[in-house]
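Please look over this model with me. My comments follow as numbered points.

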Amino acid sequence: MTTKALRNFAISASTVRQRKSMWRRRTNLRLVVGAALLAGTSIMTLGAPFFAPYSLDFYDLDAILMPPGPAHLFGTDEIGRDVLSRVIWGGRPILFIVFFSTVLSLLIGVTLGFMSSANNLANTALSRLADIQLSIPSLVFALLAIAVAGSQMSNLVVVLALAAWPLHFRVVRAHALAVKKLPYFEASRLAGSSLFYRVMRNYLPGVLPLLAVTTSVTATVTALSATGLSYLGLGVSVPDWGRMIAISKGQLSDAAWASGFPALALILFLLGIQLIADALSDRVKGRGGAPHERR
Amino acid sequence: MAQIRQDDSFPQSQAAALSGPVSAAVPDILKRFPGRRVGMSRRGLLRSLLSSAIAIFGVLTIVFFAIMLTGNPALLLASPSATHEELEALTRLYGFDRSLPEQYVTFIWNMISGNYPRSLRLNASPLEQILPAIPYTLSLAFSAGFIAISMGLVVGYLSVFSRYKLLREVPLNALAVFQATPVFVIGLFLVLIFSISLGWLPTGGSRSVKSLVLPSFSLALMFAARIAQVFRASLHQVASAEHVRAARTRQISEQEIRLRHIVVNALLPVLSVLGLEIGSLLGGSVITESLFSRPGIGSVLLVAIDNKDYPVIIAAVVLISVIFIIINTLVDMVSALVDPRTEASL
Amino acid sequence: MNAGNVLLDVEHLLVRTGCDDTSAVLASNVSFKLHHGRIHGLVGESGSGKTMIANAVAGLLPEGVQASGRILLQGTNLLALPEGAARQIRNAHIGYVFQNPKAALNPRLTIGYQLREALVPEVRRDESASLKRVLSLLDEVGIPNAYARLTAYPHELSGGLAQRVVIAMALARDPQILIADEPTTALDMTIQAQILDLIDNIQTQRHFGVLLITHDMGIIHDRADDITVLSGGQIVESGLRRAIFEAPKAIETRNLIEGALLDESLPAADDTSPAGSCIYSVRNLKKSFVTQSNHRSTLHALDDVWLDLRQGRSLGIVGESGSGKTTLARILLGLEIPDSGQILYKGDDIARLSRQSRRGWRRSIQFVFQDHWASLNPYQTIFESISEPLRAEGLGREERAQRVLEVMQDVSLPQHLAARRPGELSGGQLQRAAIARALVVRPQILIADEPVASLDVTVQARILRLLEHLKAEFGINYIIISHDLRIVKRISQDVIVMKDGVIVERGTTRDIFSKPQHAYTQKLLAATPGGMRS
């Protein structure tokens, strides 16, 4: 792009300056709302011992399927358990799985991504591995793993991390390969800087926003998979939102609150992550993507 | 295609010399105007097939390792009440006592030739359970895909080109909300409204086309938003491209410009997103089949997991993955058809 | 000088973004006439408004930009008509040649299809008539083997070929006016000359009017009949070619002429000082690459190259794309390893240097990259980028700061920019920063790859003057790589000309420019705008 072209673009872009600032406000709004939703549901769940009026298993057979009222703010389910408490408690398994699985997938993906950019052989081998992992739909992969190894929390964390690492891997790898070709990377090399310095200064600042996007996307997908599994009854043994929805789905016509409130909590949680993911990815794209994608 | 790139030096006088009657140089039978050059080269086709073959091998390998990791594979294949002798017989039969590479090769060979271990429940090949289920899954997947693509493209198009602000904003945001909702929640929601409250559509089963409506829509809403977003971004990008400006200088209608130069060009990124989303589509179909009681592969898989019927589990997982890989390869081929440049980089 | 009919009459044209307080004026009070049978050059730097004016005439203004005033095409004021009617008239009578030919073609469609689309609807309808017309257009623009090309896709064409296709499309409706917006910026020198010759020929044959927009005064000198000079959106001078060049009145005009490094006004690099010892030598250099694409072929980037760099004399390496000049530079720096050959630094083979001396060698030869936008880390401040080589030397913070500020002064880079990021600097400032970074370790040799490409003409002149000044003050030896002979002539005493990985000619600047021996050198000289013949 010539200087002239850039100037022209800047001039024409000034007419969209108004549109852009409005759009940036919209991005920030999404970030804020998303973070609020996520934080809200997380705090509520983590603070279950304090917030929940009843325990998870407490049931009262005299109060079956009661609609929301003063004693039970969200009503009760088929065997008289307080829905509100169960909703508050029910987020824990999901929260834990999503968190640990996402972190694990990051560790695997980033490490392998680095290794792959350093060495040609590693590059081909690991890329193929990532492709193969992506050739099995993640839910199906999880089902296989559960069938073979059971559905303890640790298994689920590992399996879902395995399904998700290729996403981080690809991003880290692509960025590394692109930065290597950039003039400023070579200039750094010519200046005699150490490898550590070069990686920190030239590579890291560009990849962090990208990883932020993939992390939030991974969190969303993992959450969806985890709840899907528990809906199918194959998740952890501790009741969580998916399980609750599944159990009470028969009452939909008469007592929608038993399934409805867990569903609502789930939606808010997922929406929070989704909004953050969208806002971050728009941010990165709006800035023109990674430096190697610009111009 | 012969190399077009030639030496550019071309004396000006030659141009003048050729200004005579040109049509004489063109044989009469070739008077037809050559249109688009369509079709993949043989090389591209082979490449696609090769990578799908590798992917299938990869999947089989993963399944193999999953089985081996359990420690005693014979246990998986035997019924729970098997005696020690029966286990030993099984072990020898399937060669579990042989070396790992040997087992691997045998396994791959069996999978490819369709020689699956017998289902524990029915004592027949798992294929007998799975094959009849395939049409139900495929019909669900394709109709969901079709609905999602149509919705996504229309909403994306409207969000860029519609004159009405409402049409530009509302559908896109509505779809975005659905994107964050798990498929079973959407499904239950739709059932609540259309089956239970309104009674228009059945809650499940597989009898009629009507029973396909709700499951397809639940599944489609899962990723229609993504398609709309990607299409929208792509449209924006293409609309400001130089070739669109060039098209404006020609004597064609705005409509033609929009369609031929903007919309079709913008479809390419949508195709690549599609490839990624099909995975979640197939995963989601498992849940959807369960919710709507459709007898597809997903249901077979779930039942098998319940019964710990490992041969069926293995077969189902492999087949679903194979379907996924095939669809992905098809999408890649369509991409190459749509954009001639992708083939160059394939 | 037959003035001919007036094809286009622009009166008091005003181009602005938006019509409220936040609007910016891109061009104001612009008036000129385009006559039948003449080439009218609109020349100015980037931001001078010349492209916006052309866009206004052609109806291609970007969204949000508006034009007011009168644009009279065959007597009709285009700006007074509703958009549809104006567009119809424009499309029928104006042909537009775009700056970036490959971008102007839809990558998804064959060029045959797009050519047919460019035809008049009456002809378009009929297949054989379309075919005949398209083939004759392709012949007119000098594309051989036209019928086979019809099914080609844009990405399969070379730059020059693609631009010919774009010109063909512009001619398709037999326009009366051809607007060429920087038609050769994206092309190699020799191809540039071909395309401009083509436009000349077509203009002679069809006898229409051409509006030629460019920033290169050399091109204007060679091709234009009438000239309008623009700066900051306003006309600063206009007139016939001879008048403008013999007696330019406005400062901007003079700057542009100087910046174009025209032959007449061009001082050859000072050749008086005697040659010193040989500091850098290359012998028998060979390098090949195996391409990773579909067809694995071997690209012989360099074949048996040798050169000498002597103390006190700068070397210019001239070549077009694919000549191997960049590969050569990278090998000289140690970024690539040659397949065979020797590189001697002060007599020692660099492949055999001890660790210590290797570091010394690394210090003494520095590089200024071609793409100055990408040669500085966008996440770091200018200060950090410039001081990076000093960090590796192990200097303390205080000393580094001092050195950086010193070198910034040397390159006339304002100190307050040290805390800014590259995104906030202009092109010229970025290039100075890149030069500063290269100089901060006080190298003996500075290799600059296209040091002034994609910079405004006046900025180019300033950077070149800076390089000369630095050489005089610090005794640096340059190796300047460029595709533009004018720059090489200005800066270097010795020249080597490369084509396809081979050195086709070498010699002193004076000799090469006055008595070029090799056919390729002669071709390059002939293709350089501004008349570099002897």
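**Notes on the model**

1. Start with confidence. Chain C has a mean pLDDT of 87, and 94% of its residues reach 70 or more. This is a predicted model, so keep one caution in mind. Where pLDDT is low, the coordinates should not be read in detail.

2. Next, the complex as a whole. The predictor gives it an ipTM of 0.83. The pTM is 0.85.

3. Turn to chain A. Helix α4 (residues 83–118) of chain A packs against helix α7 (residues 153–181) of chain A. The angle is about 40 degrees, and the axes are 5 Å apart. The crossing of α4(A) and α7(A) is right-handed. Which classes of residue make up the contact of α4(A) with α7(A)? There are 24 nonpolar, seven polar and one charged residues.

4. Now check some backbone angles in chain C. Most residues other than glycine have a negative phi. Asp304(C) is not a glycine, yet its phi is positive, at about 55 degrees. Find Asp304(C) in strand β12 (residues 298–310) of chain C. Asp304(C) counts as partly exposed because it has 13 C-beta neighbours inside 10 Å; a residue with 12 or fewer would be exposed.

5. Glu450(C) also deserves a look. Its phi is positive too, near 50 degrees, and Glu450(C) is not a glycine. Glu450(C) sits in the loop between β17 (445–449) and α18 (457–474) of chain C. Is Glu450(C) buried or exposed? Glu450(C) is buried, because 20 other C-beta atoms lie within 10 Å, and the cut-off for buried is 20 or more.

Notes
Residues are numbered from 1 along each chain as its sequence is written. Chains are lettered from A and ligands numbered from 1 in the order in which they are written. This is a predicted model: local features need pLDDT of at least 70, side-chain atom pairs count only at pLDDT 80 or more; totals for chains, interfaces and linings use all residues. pLDDT is the predictor's confidence in each residue, from 0 to 100. Axes are lines fitted to C-alpha atoms, for helices over the stretch in contact, and angles run from 0 to 180 degrees between N-to-C directions. Helices (H or I, at least four residues) and strands (E, at least two) are DSSP runs, numbered from the N terminus. A crossing is left-handed if the near helix is turned anticlockwise from the far one by less than a right angle, and right-handed if clockwise. Ala, Val, Leu, Ile, Met, Phe, Trp, Tyr, Cys and Pro count as nonpolar, Asp, Glu, Lys and Arg as charged, and the others, Gly among them, as polar.
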